[in-house]
Amino acid sequence: MVEKNLDRCQKETEEVTQIMLVNYNKVLDREAKLSDLDDRADELRNMSSTFSRTTKTVAQKKRWENRKYKIFLAVVVVVVVLIILAVVLWLSLRGAVNQATESRASVNQATESRASVNQATESRITPMQAD
């Protein structure tokens, strides 16, 4: 009976040893998987910081491009407004010159009319005074 107990104890010990070896192998596998997972996490962390730097650089480039386009648009608008003002000013000055020319012509005509009226009046008055 003692031998049976001893055999049974040895079998149980061997079974426990086998279970412990299996568990130890599983722990080693898990450790390898955790190490791999940790390496992948580090890689992802590095990639995320690289991505963050890249997005900041791209955002700065896009902001600069937007500023360039806004500045270009502002310059174009200013040039168009200046051209419109120049055309309006030119037309108004041209109209003022034409108006001044016309008023001079009408003044000259009025002066000539007065002169001819005065001459006619003088010619009428002069023969009467001679009588």
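Predicted model: local features only at pLDDT ≥ 70, side-chain atom pairs only at ≥ 80, totals over all residues.

Ile71, Val75, Val79, Ile83, Val87, Trp90 and Leu91 together make a nonpolar surface patch of about 670 Å². By a patch I mean a group of residues with over 30% relative accessible area and no salt bridge, where like charges are joined within 9 Å and nonpolar side chains (Val, Leu, Ile, Met, Phe, Trp, Tyr) within 5 Å. The accessible areas themselves come from the Shrake-Rupley method with a 1.4 Å probe, and for residues only the protein chains shown count as cover. Ile71, one of the patch members, is found in helix H1 and counts as exposed, because its relative accessibility is 53%. Here buried means under 20% relative accessible area, exposed means over 50%, and partly exposed lies in between (1.4 Å probe, protein chains only).

Residues are numbered from 1 along each chain as its sequence is written, and side-chain values use heavy atoms, with hydrogens and water left out.

Stepping back to the whole protein, the secondary structure comes to 1 helix and 0 strands, where helices (H or I, at least four residues) and strands (E, at least two) are DSSP runs numbered from the N terminus. Of the 131 residues, 0% count as buried, and the accessible surface comes to about 12400 Å², with 62% of that belonging to carbon and sulfur atoms.

Now to the charges. A negative surface patch is formed by Asp36, Asp38, Asp39 and Glu43; in this count Lys and Arg are positive and Asp and Glu negative, with His and the chain ends not counted, and the place of a charge is NZ of Lys, CZ of Arg, CG of Asp or CD of Glu. Asp38 lies in helix H1 and, at 43% relative accessibility, is partly exposed.

How many salt bridges does a search of the whole structure find? The search finds 3, a salt bridge being a side-chain nitrogen of Lys or Arg within 4 Å of a carboxyl oxygen of Asp or Glu. Side chains of opposite charge can pair when their charged atoms come close.

Arg8 pairs with Glu12, with the closest N and O atoms 3.3 Å apart; these two are separated by about one helical turn, because they stand 4 residues apart in helix H1, which covers residues 2–130. Arg8 is partly exposed at 44%, and Glu12 is partly exposed at 39%.

Asp42 and Arg45 form a salt bridge at 2.6 Å, N to O, and both lie in helix H1, 3 residues apart. Asp42 is partly exposed, with 31% relative accessibility.

Finally, Glu65 and Lys62 meet in a salt bridge at 3.6 Å, N to O, again within helix H1 and about one turn apart. Lys62 is partly exposed at 47%, and Glu65 is partly exposed at 31%.
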